[in-house]
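Biologist: I would like to learn how to read a structure like this one. Could you walk me through the features, one at a time?

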Amino acid sequence: MALEVSGERRSGDGTADLVAYLEQDDPDGYPVHRVVVAVCAACSGTTFGLLADDAESVVRRTCAGCGESALMLDSEDYWDDADPEVIECECGGEEFEVAVGFTMRTGADETDEVRWVSVGVRCVRDGRLGYCADWKIDYSPSSDLLDRV
């Protein structure tokens, strides 16, 4: 693993570095309790093009290998109101490894409920790590989101 930090820029060599990045960061002050890596259901690919609208809390990934698209998390509920844009790295790359960091609610009855999701990316061209979207989950039940990456 080669998670590198240079000023504000973070980069890594692969998926393990993306997972480590999500686990080390506290998006909006919430610690990440679980990380799930995106994998194409059709071909098991792990590289995607992305469309996202952070304001509407939606992300759609399209597999670079087979072209299969999937709306991530609860994006299907909000997609019609969104104005998504292509996610592009500063280097111009548009293909990413993708993982979601989940902040879970605390409390005896809410252990498996999601509080916050952060969609992390690693550009496959230059290794740059970052986020394309994150949002609060304010409904329950929400544990099914762990299966909708």
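Modeller: Gladly! Let's start with pockets: a pocket is an open set of grid points with protein on both sides within 12 Å along at least five of seven lines, and its lining residues have an atom within 4 Å of a point. Keep in mind that this is a predicted model. In this structure, 14 residues line the largest pocket, and Glu90, Arg128, Leu129, Gly130 and Tyr131 lie nearest its centre.

Biologist: Which elements give two or more residues to that lining?

Modeller: Those are strand S2 (9–11) and strand S10 (129–136). S10 supplies the largest share, with 4 residues.

Biologist: How much space lies in the largest pocket, and what classes of residue are in its lining?

Modeller: The space comes to about 230 Å³. By class, the lining has 7 nonpolar, 6 charged and 1 polar residues.

Biologist: Let me step back to the fold. What pattern does the protein follow along the sequence?

Modeller: The pattern reads β-β-α-β-β-β-β-β-β-β-β, from 1 helix and 10 strands. Of the protein's 149 residues, 43% count as buried.

Biologist: Now for charges. How should I read a salt bridge?

Modeller: The general idea is that side chains of opposite charge can pair when their charged atoms come close. The cut-off used here is a side-chain nitrogen of Lys or Arg within 4 Å of a carboxyl oxygen of Asp or Glu. Across the whole structure, a search finds 4 salt bridges. One of them pairs glutamate 90 with arginine 128, with the closest N and O atoms 3.1 Å apart. Glutamate 90 sits in the loop between strand S7 (85–86) and S8, while arginine 128 is in the loop between S9 and S10, so the pair ties together parts that are 38 residues apart in sequence.

Biologist: Is glutamate 90 buried or exposed?

Modeller: Glutamate 90 is exposed, at a relative accessible area of 69%. Arginine 128 also forms a salt bridge with aspartate 126, where the closest N and O atoms are 3.7 Å apart. Aspartate 126 counts as partly exposed, at 25% relative accessibility. Through shared partners, Glu90, Asp126 and Arg128 are joined into one network.

Biologist: What about arginine 122: which residue does it form a salt bridge with?

Modeller: Its partner is glutamate 97, and the closest N and O atoms are 2.7 Å apart. Arginine 122 belongs to strand S9 and glutamate 97 to strand S8, so this pair links parts that are 25 residues apart in sequence. Both residues are buried.

Biologist: How do I read a charged residue that has no salt bridge?

Modeller: Look for the nearest side chain of opposite charge, then for polar contacts. Glutamate 113 is the case here: this residue is buried yet has no salt bridge, and arginine 105, the nearest side chain of opposite charge, is 6.3 Å away. Glutamate 113 lies in the loop between strand S8 (96–104) and strand S9 (114–123). Its side chain makes a polar contact of 3.3 Å with that of serine 140.

Biologist: And what joins serine 140 to proline 141?

Modeller: A cis peptide bond, with omega about 0°. Proline 141 is in the segment after S10.

Key:
Residues are numbered from 1 along each chain as its sequence is written. This is a predicted model: local features need pLDDT of at least 70, side-chain atom pairs count only at pLDDT 80 or more; totals for chains, interfaces and linings use all residues. Side-chain values use heavy atoms; hydrogens and water are left out. On a 1 Å grid over the protein atoms alone, a cavity is a set of points where a 1.4 Å probe fits but cannot get out, and a pocket is an open set with protein on both sides within 12 Å along at least five of seven lines; lining residues have an atom within 4 Å of a point. Grid points are joined across faces, edges and corners, and a volume is the space filled by probe spheres set on the points. Ala, Val, Leu, Ile, Met, Phe, Trp, Tyr, Cys and Pro count as nonpolar, Asp, Glu, Lys and Arg as charged, and the others, Gly among them, as polar. Buried means under 20% relative accessible area, exposed over 50%, partly exposed in between (1.4 Å probe, protein chains only). Lys and Arg count as positive and Asp and Glu as negative; His and the chain ends are not counted. A polar contact is a pair of N or O atoms within 3.5 Å; within protein, one must be able to donate a hydrogen and the other to accept it, and residues adjacent in sequence count only if both atoms are side-chain atoms.
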